[in-house]
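Here are my notes on the model you sent. Please read them with the structure open.

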Amino acid sequence: MKCKVTQLVRNRHSGFIHSFTRMSQEIDRTHYILPLDQPIVYLDANTAFQGLTDQEKLYAYYLSKASWVGGLITLLQTSPEAGQIFVLLHKLYSVENLKEFKEAAINAEFSEDDITALLVYSAGVFCNAGNYKGFGDSKFIPGIEASKLEKLLQLSQVWNQIEPLWEMSKDAIYDLSPGKTCLGYSPHGCTTYFSKNFTSADNEAVQKWMKRKQLEPYNTRCFKKENNGKIFYEIRLASVNYGEVEMEEFNGATYSLTSGDYSPLMERVVQYLKKAAAYAANETQANMLKSYIESFTTGSLQKHKDGSRFWIRDKVPAIETYIGFIETYRDPAGIRAEFEGFVAAVNRPMSSKFTTLVENAEELLPLLPWPRGFEKDSFLRPDFTSLDVLTFSGSGIPAGINIPNYDDIRQTEGFKNVSLGNVIPASYQQSVIPFLNDADIQLLQKYRVMAFEVQVGLHELLGHGSGKLLQKGADGRLNYSSTLFDPLTGKPPTSCYDEGDTYDSCFGPISSAYEECRAEAVGLYLSLESNILSIFGYNGSQADDIIYVNWLSLTWAGLCALEMWDPNRGWLQAHSQARFALTRVLIHAGVVTILQPTPQDLLLSIDRASLKGAGRNAIGHFLLQLQIYKATANVNAAQELFKAYTSVTDHWTSWRDIVLANKRPRKMFTQPNMILNKEVELKSYEASPQGLIQSWVERFDDPE
């Protein structure tokens, strides 16, 4: 689970808006075009890298190669055309010198804006692992009309190679027809996690079969066929090996479990992991990689769980890494996971603060607003480190992570927390802050990074890391006392998780947003504790300012989250929905006020004096509800509660228009590359579309 840290396109796009072909005239295409001044920042990791030994650098190098190759799978998980677009752009930039290509385009009477539009779109495809945003799941298209882009591409030396790819994908690139503007179930959205004829009812049927077989869907996709009234489901496991694992008739349908999805890419991941294993620092790391290799070779999720267990036991490594099918945000059903991999070096000074937080966790958990019986039987002290990212592949880079996501491991064996230390300050570069008064803007600019580090620490360790799931085993035994009472009803719990149930499988589409909301609420609630702030080195008036900025920053983000809500599609992003809910809770409590001083502006303010009174009480009660409903698998009550605080009606819809008029795009990250010559070196790139593109070209220097 992750803690993740967008302005209308300039009017200069408007001159060609109506020339796009075969598009609905009702669509405001400016919402689907990345701006020409798209902010791009560099993710600096040089200091951390230079502190590594030669062995650690080689270990990191091969893990990075495995992560980047595996990250190409994410393209195939995003949209049918994303892989084709990536190959087209990579072929183009692998041959073209960007400076010379630009000169040729200018000589052919293309404008600077035309060329920039292509470069920005290309950077977007690389950073988001496809043509849908990693944060928000909405599609983006080039800021240059199709016929003009085709003429621009024809100037390339490789036009004869990329023309077939262009012909295959050009209509899909610009398609903003219904069902193509965002990810989701067909016909309302686009997905490659299952076939177009696959519905939520089909998903329930497949889940029942998989639960019966004690299978979890993290590393799967599902494809449905119908023939003469008979339904056939093919459930594909991601693996090197091809084959049919099992076939069975069940409840009137045929279920076929096959392996070999993404096989060519999985094979390359395995090859690099084998090379990395030669430089493992200890037996635990070697066993971890061995398990991952077996998992990716055979498709066994159990082997990935075994690798995760070794990963948890690998305490305070110099190089931290995790790889596989991890987060379920982009599956419309909320249960299948996107491939990602990260490699990072430990930032020891900041990690020492998180270590102190872990050491005090047993004393801090009782401060949370639920009874002891709803907390895990014992707190399994995790590793909690601050990392400087060397590589992060996938559809986006979070600020913090709490993994593994497997309930059976998290509840009884533990987890790890990581804060991605170089991501947080990079995320706040070049920030524009609307909807606040000048004094609050100054405080936010001064303390935002420090406050967010505190919030990430609490969110990951004591948010995602807290709370028990009440379960009934196959033998009927309960993992909780028969004398336990639900604090919301004063009666014994009436529901729990059955054998084979997981939180994701029960809560489905709301699982990610609901859990992110619970973790964010924990962060707010516990950030009021002065002893916690002192762990991070903040005391007195500075601590008070950081508390205020933490609450201000989150509720401001909750207001700005309206850009991630669509009147036809609902919420497009889990973290945004979570922060909006918390902002609504605090508005109802009278702690937060939002006014509309002019028709084009909003003003958010917080009653600072009420944070430790009405603020604590409101968040505490809401957090209690979130935890009890999660613990008892009370999905209906959870849905009702969450809907009450995340429905966008009345004045919120008009305020959304104001938010959209003031939004700025999320920053893209240019990441470094590790290059192996006589030794491993870290190569940096400029924070620009050209620098970002060059980093991706050199990342995959093998044409295949």
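1. Which domains does the domain assignment of the chain give? Domain 1 covers 200-263, and domain 2 covers 439-662. Please keep these bounds in mind for the points on the interface.

2. A word on confidence. This is a predicted model. Averaged over the chain, the pLDDT is 92. A score of at least 70 is reached by 96% of the residues. Residues 4-25 need a separate look: their pLDDT is below 50. In the model this stretch still has 59 contacts beyond near neighbours in sequence. I would ask that the text mention both values for residues 4-25, the pLDDT below 50 and the 59 contacts.

3. Next, the placement of the domains. The centres of domain 1 and domain 2, taken over C-alpha atoms, are 36 Å apart. Domain 1 gives 5 residues to the contact, and domain 2 gives 7. Between them, the two domains bury about 370 Å². Carbon and sulfur atoms account for 36% of that area.

4. What is the count of salt bridges between domain 1 and domain 2? The count is 1. On the side of domain 1 that touches domain 2, the residues divide into 1 nonpolar, 2 polar and 2 charged. Polar contact across this interface is found for 2 residue pairs, both at pLDDT 80 or more.

5. The side chains of Lys211 and Asp501 form it, at 2.6 Å from N to O.

6. Now the backbone. Pro187 sits in the loop that links helix H7 (159-174) to helix H8 (200-212). Another runs from Ile403 to Pro404, with omega near 5 degrees. Pro404 is placed in the loop between strand S10 (400-403) and helix H14 (407-412).

7. Last, a phi angle. Which value does phi of Ala129 take? Phi is near 55 degrees, which is positive, and Ala129 is a residue other than glycine. Ala129 belongs to the loop between helix H5 (112-127) and helix H6 (146-153). Please label Ala129 in the backbone figure, with its phi near 55 degrees.

Technical notes. Residues numbered from 1 in each chain as written. Heavy atoms only, no water. Domains from an automatic or database assignment. Contact = heavy atoms within 4.5 Å. Buried area = accessible area lost by both parts, 1.4 Å probe. Salt bridge = Lys/Arg side-chain N within 4 Å of Asp/Glu carboxyl O. Polar contact = N/O pair within 3.5 Å; in protein donor to acceptor, adjacent residues only side chain to side chain. Nonpolar A, V, L, I, M, F, W, Y, C, P; charged D, E, K, R; others polar. pLDDT = per-residue confidence, 0-100. Helix = DSSP H or I, 4+ residues; strand = E, 2+ residues; numbered from the N terminus.
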